[in-house]
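This report goes through a two-part question: how the chains are built, and where they meet. The sequence and the structure come first, and the text follows them.

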Amino acid sequence: MTAEMLSIEELSFSYGDNRVLDCVSLDIKPGTVTALMGANACGKTTLLNLMTKNLKPDAGRVLLGGRDIAGIKLRELARRAAIVHQKNSAPDDLIVKKLVAYGRIPHSSMLRGKTGLDDERIAQAIEATGIADIAERPMGSLSGGQRQRAFIAMALAQDTRLLFLDEPTTFLDVRYQVEILRLIRSLNVERGITIVMVLHDINQALAYSDEVIGLRNGKILAQGSPREVIDSDMIFSLYGIRLDVKTDGQHMWVLPV
Amino acid sequence: MSAGVSGKRAARAVPAFVILAVAIVCLLLFSMKSGSISLSWGELLRGLFVEYDARVAAVYDLRFPRVLISLMSGAVLSCSGLLFQAVLKNPLADPGIIGISGGASFAASVVAAFFPSLYFSAPAFAFVGGALAFLLIYSLSWRGGLDPVRIILIGVAVSAVFAGLSAVVGGIGNASGVSLTVSGLSQRTWSDVRLLCVYAAAGLAPAAALAPACNLMALEDKAVRGLGVNVDVLRACISGVAVLLAAAATAIVGVIGFLALIVPHIARRIIGSDHRLLLPFSALLGAFVLLAADTIGRLLIAPHELSAAVVMSVFGGPFFIALLRRRARS
């Protein structure tokens with residue numbers, strides 16, 4: 001399977017008079033984990049929504065495999081890129097497995113029922129996200145972490161080479177936050193899925209991504225590996241507060257105190 | 001695809017459908033024999049199937065259409081409410097309360113007052129009226145999202161406006177000597193039955209086809225779009241069918257509030273939220289409840305009658321308040 005090349009060319013977007021993204025260009029490296037960083041309202045989520053056709057850009061293009069996504073049908077896009085949004089809802093009595101099966105909708109047609117491939121992909125998604133033991137349970141009985149896994153499994157069932165996640169760890173206890181991030185990392189390593197995620201936690205962004213993209217006021221201030229582009233000055237530019245950036249042989253972190 | 005229903009609920013579905021079907025048949029027979037002309041079982045069955053009986057014939061001409069129309073409009077209205085609840089993501093949506101039926105009724109009353117020859121297209125005009133009301137409510141309520149309570153408030157106001165307009169048209173119509181019977185289940189004939197049959201089928205068939213889509217609407221719009229589904233088109237389709245159903249019932253029986261709120265709510269409790277089961281179950285339960293309301297209205301203060309709409313309001317109003325209070329707490 002070939003990795004999907006995703007590039008953004010001179011993308012601009014405004015809500016009314018408020019310019020959220022200002023002529024942004026970037027390339028997402030195939031096969032990597034990229035984290036979008038920045039203060040609230042810097043345009044991270046807007047960028048994610050533009051890349052998945054939830055919003056239409058005022059100017060500029062999003063290219064997937066060299067093609068402008070404006071000309072790609074929603075259904076085809078859903079076979080090539082999946083997204084897990086920050087806010088999710090599902091009926092309390094919906095069985096987890098059934099939710100995961102929704103992920104096959106982009107591949108299904110009205111004329112034929114579920115195929116063996118569908119069952120296989122659903123089973124793989126359940127397996128990969130570690131929710132086999134709760135697959136027959138209703139959504140209403142799950143913890144926050146389990147719910148998030150179920151929605152990630154739905155996205156995985158779409159069988160795409162590209163996965164977007166919008167603040168996947170928000171609202172979760174720290175234990176579940178780390179579990180979700182490890183899961184995302186393993187999806188990248190074991191299945192080669194290109195990951196683009198918005199993370200509001202600086203340390204999680206530094207620890208779990210190959211590339212970070214730092215946004216401030218709708219412009220990109222930094223793009224590259226955390227070690228290359230993140231230092232105390234950059235943190236100040238992105239978040240407006242001066243924090244020490246520490247490193248040892250393996251890790252890099254800031255102390256937000 | 002039975003995986004969508006939890007084991008407990010799936011096991012419950014079959015007996016629930018059977019019990020409801022039996023209850024409908026019992027109520028149907030009871031309702032047919034009871035009333036100002038009261039028949040025994042023997043008289044009813046003999047008059048229907050064996051030999052002519054003037055009293056049974058009168059019941060056949062007057063009461064049977066009414067009973068059948070109660071059943072059908074109950075089913076149709078409940079499905080309409082269920083679709084509105086799915087598409088507006090609002091468990092409190094009811095075409096009677098939020099003014100869809102009001103718009104439909106207004107259009108139907110205009111036809112009845114000024115173009116009585118267009119009687120058989122009245123539901124079509126009602127559809128246009130209902131659709132306008134829906135667009136009005138939708139656009140007035142939209143603030144980057146649909147707040148459930150805002151829809152109700154706007155809807156109640158829209159409903160009141162249309163009720164007023166209908167009264168105006170009714171007054172003008174009466175002054176010109178045309179009698180108006182746009183409201184209520186009395187005086188219904190077999191031609192009404194046939195008319196409702198056609199429009200009910202035209203609404204219920206696409207509603208059934210849209211049941212899986214209604215399930216998807218329970219996810220966030222963005223999530224549905226992420227699955228490659230054009231959620232805006234889907235919303236328009238479901239809304240259109242919901243308006244059609246509400247309009248069909250309203251054109252024949254007038255505005256009946258609360259039914260389409262209560263029935264899907266109870267049905268959801270019994271059968272779960274999978275619309276492939278919930279839709280047919282709501283249809284049956286709605287048929288039962290409206291026929292029960294009409295039968296109670298006919299018998300309670302005989303020889304006078306209460307309209308089914310009044311009975312539904314008396315029982316439905318408190319139910320609605322209880323739902324609102326529970327939402328406020330949670």
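Which residues point one way from E7(A), and which the other way? The model is predicted. In it, Leu162(A), Phe164(A) and Asp166(A) point one way from E7(A), while Leu163(A) and Leu165(A) point the other way. All of them are buried. Strand E7 of chain A covers residues 162-166, and five of its five residues are buried, so the strand is largely enclosed by the rest of the structure.

**Strands of chain A**

E7(A) has a parallel partner in strand E6 of chain A, residues 81-84, and four bridges join the two. In this pairing Ala82(A) stands opposite Leu163(A). E7(A) also runs parallel to strand E8 of chain A, residues 194-198, to which it is joined by five bridges. Leu163(A) has a bridge partner here as well, namely Ile195(A) in E8(A). Between E7(A) and E8(A) comes helix H6 of chain A, residues 174-191, and the three elements make a right-handed β-α-β unit.

Chain A also has an open sheet of four strands, in the order E2-E1-E4-E5, with antiparallel pairing. Strand E2 (18-28) and strand E5 (67-68) of chain A stand at the edges with a single partner strand each, so one side of each is left without a neighbour in the sheet. E5(A) pairs with strand E4 of chain A, residues 59-64, in the antiparallel sense over two bridges. In that pair, Leu63(A) stands opposite Asp68(A). Strands of a sheet pair through backbone hydrogen bonds, either parallel or antiparallel.

| Pair | Sense | Bridges |
|---|---|---|
| E4(A) and E5(A) | antiparallel | two bridges |
| E6(A) and E7(A) | parallel | four bridges |
| E7(A) and E8(A) | parallel | five bridges |

**Chain B**

The secondary structure of chain B comes to 13 helices and zero strands. Its radius of gyration is 20 Å, close to the 20 Å that the globule rule gives for 330 residues, so chain B is as compact as a globular protein of that length. The C-alpha atoms of chain B fill a box of roughly 65 × 55 × 35 Å along the principal axes. Of the 330 residues of chain B, 50% count as buried. Among the contacts in chain B with a separation of 6 or more, 78% are between residues 24 or more positions apart.

**Nonpolar cores**

The largest nonpolar core has 99 residues, and those with the most contacts inside it are Val76(B), Cys79(B), Leu83(B), Leu245(B), Ala248(B) and Leu259(B). Helix H3 of chain B, residues 54-87, gives the largest share of this core, 16 residues. A second, separate core has 83 residues, including Ala101(A), Ile134(A), Ile195(A) and Leu238(A).

What does Leu259(B) touch, not counting residues up to four places away in sequence? Its contacts are Gly74(B), Leu77(B), Ser78(B), Gly286(B), Val289(B), Leu290(B), Met312(B) and Gly316(B).

**Where the chains meet**

In the interface, 24 residues of chain A are in contact with 17 residues of chain B. On the side of chain A that touches chain B, the elements that give two or more residues are helix H2 (74-80), E6 and helix H3 (96-102) of chain A. H2(A) gives the largest share of that side, five residues. By class, this side of chain A has 13 nonpolar, five polar and six charged residues.

Definitions and conventions. Residues numbered from 1 in each chain as written. Chains lettered and ligands numbered in written order. Predicted model: local features only at pLDDT ≥ 70, side-chain atom pairs only at ≥ 80, totals over all residues. Core = buried A, V, L, I, M, F, W, Y, C linked by C-beta atoms within 7 Å. Buried ≥ 20, exposed ≤ 12 C-beta atoms within 10 Å, placed from the backbone. Contact = placed C-beta atoms within 7 Å. Pairing = 2+ DSSP bridges. Right-handed = clockwise from strand over helix to strand, strands pointing away. Nonpolar A, V, L, I, M, F, W, Y, C, P; charged D, E, K, R; others polar. Rg over C-alpha atoms; globule rule 2.2 N^0.38 Å.
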